[in-house]
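Subject: Structure handover

Hello,

Here is the structure I promised to pass on. Please open it next to this email and follow along.

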Amino acid sequence: VKNWQAPPDMKAASIRYLSRKLIISSRPESKALQFKYRAYDPDEAEATLQKVIDVYTDYHHERIREQALAVTAYLESQLGEVKEQLEESELKLLRFKESDRIDIILLDGNSKAGGNGKPVYAGQSNSLLGVTDSLLVQDHLKTYILAMEDELSKLRSEYTESHPRILTLK
């Protein structure tokens, strides 16, 4: 034996052969791929193209699965932290609601004035006075009320008083 040669790598030889005969192209505006394969035997061309498409499809789907698993793993890793933040925010909101209640119902339905000449409200806190004394807030509330009254009058011209939207606006 003069020359010992390693047996040919059949996989590499197949890839080289296939790469000379196979053309894959796509258009920039599309995700679709076009596969072309040149062979003398049409049955061989069809079988080869079908195998190439099957292998590519499996590869593509595996990449999508890997990406989905990575996203899922990331979201699961963040779930505990976000849940903790949500619970903390809910606790802060509950504390705020308990300490700074803003009820705008007069104590006895009459416009009684407190020691400072302003009406006394049930559950009144310092923040209520700041909100109700704000001319900007009052203007926004007036604008909102006028818009709702306008919408109510339009709805009344089109529907009966029992229409759900009219009942909601009353």
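First, a term. Helices here are DSSP runs of H or I with at least four residues, numbered from the N terminus. By that rule, Asp43 is found in helix α2. Please keep in mind that this is a predicted model.

**Overall layout**

The chain has five helices and two strands. Along the sequence, their order is α-β-β-α-α-α-α. Of the 170 residues in the chain, 9% are buried.

**The strand pair**

Strand β1 covers residues 22–26, and strand β2 covers residues 33–37. The two pair in the antiparallel sense, over five bridges. A hairpin of six residues takes the chain from β1 to β2.

Which residues face each other across the pair? Ile23 has Lys36 in β2 as its bridge partner. Ile24 stands opposite Phe35, also in β2. In a regular strand, side chains alternate between the two faces of the sheet.

**A nonpolar patch**

Together with Leu33, Tyr56 and Tyr59, Ile24 makes a nonpolar patch of about 370 Å². Leu33 belongs to strand β2. Why can Leu33 count towards a patch? Patch residues need over 30% relative accessible area. Leu33 is partly exposed, at 33%.

**A negative patch**

There is also a patch of negative charge on the surface. Asp41, Asp43, Glu44 and Glu46 gather there. Is Asp43 buried or exposed? Asp43 counts as exposed, because its relative accessibility is 58% and the cut-off for exposed is over 50%.

**Salt bridges**

How many salt bridges does the structure hold? The count is six. Side chains of opposite charge can pair when their charged atoms come close.

- Glu88 and Lys92: their side chains meet in a salt bridge at 3.6 Å, N to O. Both sit in helix α2, which spans residues 42–99. They are four residues apart, so about one helical turn separates them. Glu88 is partly exposed, with a relative accessible area of 44%.
- Lys154 and Asp150: this salt bridge has an N to O distance of 3.5 Å. The two residues lie in helix α4, residues 135–158. They too are four residues apart, so the separation is about one helical turn. Asp150 is partly exposed, at 40% relative accessible area.
- Glu161 and Arg156: the closest N and O atoms of this salt bridge are 2.9 Å apart. Glu161 is partly exposed, with a relative accessible area of 37%. Arg156 is partly exposed as well, at 39%.

**Where to look**

For a quick tour, begin at the hairpin between β1 and β2. Go on to the nonpolar patch that includes Ile24 and Leu33. Then find Asp43 in helix α2, one of the residues in the negative patch. Stay with helix α2 for Glu88 and Lys92. Finish with the salt bridge between Glu161 and Arg156.

Best wishes

Methods
Residues numbered from 1 in each chain as written. Predicted model: local features only at pLDDT ≥ 70, side-chain atom pairs only at ≥ 80, totals over all residues. Heavy atoms only, no water. Pairing = 2+ DSSP bridges. Salt bridge = Lys/Arg side-chain N within 4 Å of Asp/Glu carboxyl O. Buried < 20%, exposed > 50% of the residue type's maximum accessible area, 1.4 Å probe, protein only. Patch = residues over 30% accessible without salt bridge, like charges linked within 9 Å, V, L, I, M, F, W, Y side chains within 5 Å. Areas by Shrake-Rupley, 256 points an atom, 1.4 Å probe, with all protein chains shown as cover. Lys, Arg positive; Asp, Glu negative; His and termini not counted. Charge placed at Lys NZ, Arg CZ, Asp CG, Glu CD.
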